[in-house]
Amino acid sequence: MSKEMRICLILILLTGIISSMVFVVDSMKTIADFQIRKFNMAKDQNTLEHICKNIYGGNDYLPRMSSKYTSTKFCQFMALVDKNDAVMAVANLRVFNEDQNIFWLEGVRVSEEQRNKGYAYELIRSMIRNNCNDDSQVILSCTTQSNIVM
């Protein structure tokens with residue numbers, strides 16, 4: 001099992017959603033179907049607000065935090081986009097403790113139309129690959145039990 005898969009499985013166990021998430025590796029989209037890039041406030045904010053409109057009863061914190069996430073060196077706020085550059089998913093990876101190589105994964109959101117297609121998995125996997133080169137690094141995350149799988 002790859003390091004990325006081990007970390008993703010640990011994240012799933014931490015969030016308590018393993019019973020409702022299924023990985024179907026054979027059906028994962030190819031890189032030609034999407035790309036992952038930095039979130040662009042000017043271009044992507046309206047789409048983010050649309051993605052988050054029904055999360056936490058319409059009171060999702062993420063649209064309010066996106067400016068902070070894009071402006072700090074301790075955050076990597078990323079977007080998974082389709083071939084037309086439309087945002088389908090976002091996530092933020094924050095340096096939680098730089099000295100100990102600990103990261104905090106937060107703000108994982110997928111548009112309602114694109115859920116259950118493996119996009120959150122691909123986004124998280126890419127973020128781990130690009131940031132976790134050392135076995136001593138740790139990624140933490142948590143969620144509420146009422147959160148749905150995205």
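Read along the sequence, the protein follows the pattern α-β-α-α-β-β-β-α-β, which comes to 4 helices and 5 strands. Helices (H or I, at least four residues) and strands (E, at least two) are DSSP runs, numbered from the N terminus. The model is predicted: local features need pLDDT of at least 70, side-chain atom pairs count only at pLDDT 80 or more, and totals for chains, interfaces and linings use all residues. Residues are numbered from 1 along each chain as its sequence is written, and side-chain values use heavy atoms, with hydrogens and water left out.

**The protein as a whole**

- Of the 150 residues in the protein, 43% are buried, where buried means under 20% relative accessible area, exposed over 50%, and partly exposed in between (1.4 Å probe, protein chains only).
- Among contacts with a separation of 6 or more, 62% join residues 24 or more positions apart; contact means heavy atoms within 4.5 Å.

**Helix α2 against helix α3**

- Two packed helices are described by the angle between their axes and the distance between the axes.
- The axes of α2 (residues 41-52) and α3 (residues 62-71) come within 9 Å and cross at roughly 150 degrees.
- Helix α2 is therefore roughly antiparallel to α3, a term for angles over 145 degrees, with angles running from 0 to 180 degrees between N-to-C directions.
- The contact involves Met 41, Gln 45, Leu 48, Glu 49 and Cys 52 of α2, together with Leu 62, Pro 63, Ser 66, Ser 67 and Thr 70 of α3.
- By class, this contact has 5 nonpolar, 4 polar and 1 charged residues; Ala, Val, Leu, Ile, Met, Phe, Trp, Tyr, Cys and Pro count as nonpolar, Asp, Glu, Lys and Arg as charged, and the others, Gly among them, as polar.

**The two sides of α2**

- Asp 44, Gln 45, Leu 48, Ile 51 and Cys 52 are the buried residues of α2.
- These residues lie on the same side of α2 because they cover an arc of only 125 degrees around the axis, the arc being that of the directions from the helix axis to the C-beta atoms.
- Exposed Ala 42 and Asn 46 sit on the face of α2 turned away from its buried side.
- The cover over the buried residues of α2 includes β1 (34-38), α3, β2, β3 and β4.

- In α3, the buried residues are Leu 62, Pro 63, Ser 66 and Tyr 69.
- Their arc around the axis is only 90 degrees, so they are on the same side of α3.
- The face of α3 turned away from its buried side carries exposed Arg 64 and Ser 71.
- Elements covering the buried residues of α3 include α2, β2 (75-82), β3 (87-97) and β4 (102-110).

Notes
Angles under 35 degrees count as roughly parallel, over 145 as roughly antiparallel, 65 to 115 as roughly perpendicular and the rest as oblique.
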